[in-house]
Amino acid sequence: MLLYGITGACIVGIPLTFLLLFQCWRNAGLKQQINSYKELEKENLYMTVWVLKEDIAAGDKITRSDLEKEEKWIPKTCDIRQMADIKRIAGRKTKTALKKGTIMQADLLYDK
């Protein structure tokens with residue numbers, strides 16, 4: 001009778017122990033992820049910006065169809081007024097060749 005009780009406890013206890021250890025490990029990973037986000041928040045802003053959909057050669061004109069909105073971490077040192085307005089970006093020519101995914105800023109473009 002005692003053997004059956006010990007066997008039943010092992011059948012139930014061993015999987016529960018592994019489940020508990022897995023949850024503790026996952027919790028530690030989530031805590032690390034939260035801490036990394038807190039560090040990003042201290043040094044950066046999470047905001048919606050305009051980025052390029054495709055590569056653009058130097059001197060080409062940027063059109064609205066070349067741009068898409070994305071949410072990205074932006075350093076607080078950047079002038080965010082240059083990034084938020086599509087009217088300041090569309091219709092201007094690029095100073096240099098720009099890669100897909102580049103965050104658009106007014107200093108990358110020539111004045112109209």
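Select Glu-39 to start: its relative accessible area is 41%, so Glu-39 is partly exposed (buried means under 20% relative accessible area, exposed over 50%, partly exposed in between, with a 1.4 Å probe and protein chains only). The model is predicted: local features need pLDDT of at least 70 and side-chain atom pairs count only at pLDDT 80 or more, while totals for chains, interfaces and linings use all residues. Residues are numbered from 1 along each chain as its sequence is written, and side-chain values use heavy atoms, with hydrogens and water left out.

The side chains of Glu-39 and Lys-42 meet in a salt bridge, 3.5 Å from N to O (a salt bridge is a side-chain nitrogen of Lys or Arg within 4 Å of a carboxyl oxygen of Asp or Glu). Both residues lie in helix H1, three residues apart, about one turn of the helix (helices are DSSP runs of H or I with at least four residues, strands are runs of E with at least two, and both are numbered from the N terminus). Lys-42 is exposed, because its relative accessible area is 56%. Side chains of opposite charge can pair when their charged atoms come close.

How many salt bridges are there in the whole structure? A search finds two. For the other entry, select Glu-70 and Lys-72, whose closest N and O atoms are 3.3 Å apart in a salt bridge. Glu-70 is partly exposed at 27% relative accessible area, and Lys-72 also counts as partly exposed, at 25%.

Go back to helix H1, residues 2–43, and pick Ile-11 there. Is Ile-11 buried or exposed? Its relative accessible area is 59%, so Ile-11 is exposed.

Next, strand S1, residues 44–52, where Asn-44 lies. Asn-44 is buried, because its relative accessible area is 14%. Leaving aside neighbours within four places in sequence, Asn-44 is in contact with Trp-73, Ile-74, Pro-75 and Lys-76 (contact means heavy atoms within 4.5 Å).

Show the aromatic rings. The structure holds three aromatic pairs. One of them joins Tyr-46 and Trp-73, a tilted pair with 5.0 Å centre to centre and 50 degrees between the planes. This pair links distant parts of the chain, with Tyr-46 in strand S1 and Trp-73 in strand S2 (residues 67–75), 27 residues apart. Rings of Phe, Tyr and Trp (its six-membered ring) pair if their centres lie within 6.5 Å; planes under 30 degrees apart count as stacked, over 60 as edge-to-face and the rest as tilted. Tyr-46 is partly exposed at 47%, and Trp-73 is partly exposed at 27%.

From Tyr-37, jump to Thr-63: the two are 26 residues apart in sequence and 34 Å apart in space, C-alpha to C-alpha. Thr-63 is in the loop between S1 and S2.

Which residues make up the largest nonpolar core? Select Trp-50, Leu-52, Ile-56, Ile-62, Leu-67, Ile-86, Ile-89, Ala-90, Leu-98, Met-104 and Leu-109, eleven residues in all. Such a core is a set of buried Ala, Val, Leu, Ile, Met, Phe, Trp, Tyr and Cys residues joined through side-chain atoms within 4.5 Å. Centre on Ile-62: not counting residues up to four places away in sequence, it touches Gly-91, Arg-92 and Thr-94, among others.

Finish at Leu-108, in the segment after helix H2 (81–84). Leu-108 counts as partly exposed, at 23% relative accessibility. Beyond four places in sequence, Leu-108 touches Thr-94, Lys-95, Leu-98, Thr-102 and Ile-103.
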